[in-house]
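Hi there,

Here is the structure I promised to pass on.

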Amino acid sequence: MNCNNLSIIVAVDLRGAIGYKNNLLWHIPEDLKYFKSLTINNTVIMGKNTWLSLPVKPLPNRENIIISTSLKNIPNVLVFSTFSDALKYCCKKNNECFFIGGEKIYKQAINFVDNIYLTRILKEANHADAFFPLDSLRHFYLISEKKTFSENIQAYIAFEVYKRK
Ligand SMILES: NC(=O)c1ccc[n+]([C@@H]2O[C@H](COP(=O)([O-])OP(=O)(O)OC[C@H]3O[C@@H](n4cnc5c(N)ncnc54)[C@H](OP(=O)(O)O)[C@@H]3O)[C@@H](O)[C@H]2O)c1
């Protein structure tokens, strides 16, 4: 499947860690604002665990899609039981579709997306059990990068944007 409206958005630590015990690693207001600014009025696609972890669901003012074999009939949300059905649906759309996690979804989506919005958190989490496949970035090139200091976590974060080579 070849379409150019597919993107990944993710926040990783220095080792590629993205989560622990089905939660994010840190609360980073700057990154949440960035996430919202990109995904608003677009489509977000997530795995079941990421859906369950959301404090507010569905994410408002976005089309929410879940990929799951076990969840069914969730109001105002589309659920696909296979990755390829979700992909086919998104490819037909005119707006940008963001794969928003977690690990299992990123590992599949990275083979299809054209864009990666990667927030690099310039520190290491003490504990992590979910990871982003950072090695796959070799198939992408960096087109922009903006660094800022996050007071909340007392570390720099870099908003990196990648395009497929
Ligand atoms: N840092 C970030 O940017 C970020 C963003 C999002 C999430 N996260 C973190 O990532 C972690 C969760 O990652 P995860 O890998 O455990 O969960 P996940 O990818 O959110 O969800 C995995 C589940 O999705 C369903 N699924 C995945 N691929 C499927 C397929 N091909 N067909 C059918 N169903 C499929 C399965 O659910 P069923 O069992 O129902 O089939 C599977 O168990 C959490 O710690 C979360 O906080 C981090």
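Let's start with contacts across the chain: among those between residues at least 6 apart in sequence, 68% join residues at least 24 apart. Two residues are in contact here if their C-beta atoms, placed from the backbone, lie within 7 Å.

Some housekeeping before you go on. This is a predicted model, where local features need pLDDT of at least 70, side-chain atom pairs count only at pLDDT 80 or more, and totals for chains, interfaces and linings use all residues. Residues are numbered from 1 along each chain as its sequence is written.

Now the overall picture. The protein chain has 4 helices and 10 strands (DSSP runs, numbered from the N terminus: helices are H or I with at least four residues, strands are E with at least two). Read from the N terminus, their order is β-β-α-β-α-β-β-α-β-α-β-β-β-β. The C-alpha trace spans about 40 × 35 × 25 Å along its principal axes.

What about the inside? Of the 165 residues, 30% count as buried, meaning that 20 or more other C-beta atoms lie within 10 Å of a residue's own; exposed means 12 or fewer, partly exposed is in between, and C-beta atoms are placed from the backbone. Take Val12: leaving aside neighbours within four places in sequence, its contacts are Ala17, Ile18, Leu118, Arg120, Ile121, Phe132 and Leu134.

Next, the ligand. There are 29 residues around it, with Gly19, Gly47, Asn49, Gly101 and Gly102 coming nearest; a residue counts if its C-beta atom, placed from the backbone, lies within 6 Å. The elements giving two or more residues to this shell are E1, strand E2 (17–19), strand E3 (43–47), helix H2 (48–53) and helix H4 (103–109).

One last stop: is Asn41 buried or exposed? Asn41 is exposed, because it has 9 other C-beta atoms within 10 Å. You'll find Asn41 in the loop between helix H1 (29–39) and E3. Not counting residues up to four places away in sequence, Asn41 touches Asn61 and Arg62. The C-alpha atoms of Asn41 and Arg62 are separated by 4.9 Å, with the two residues 21 apart along the chain.

Enjoy exploring!
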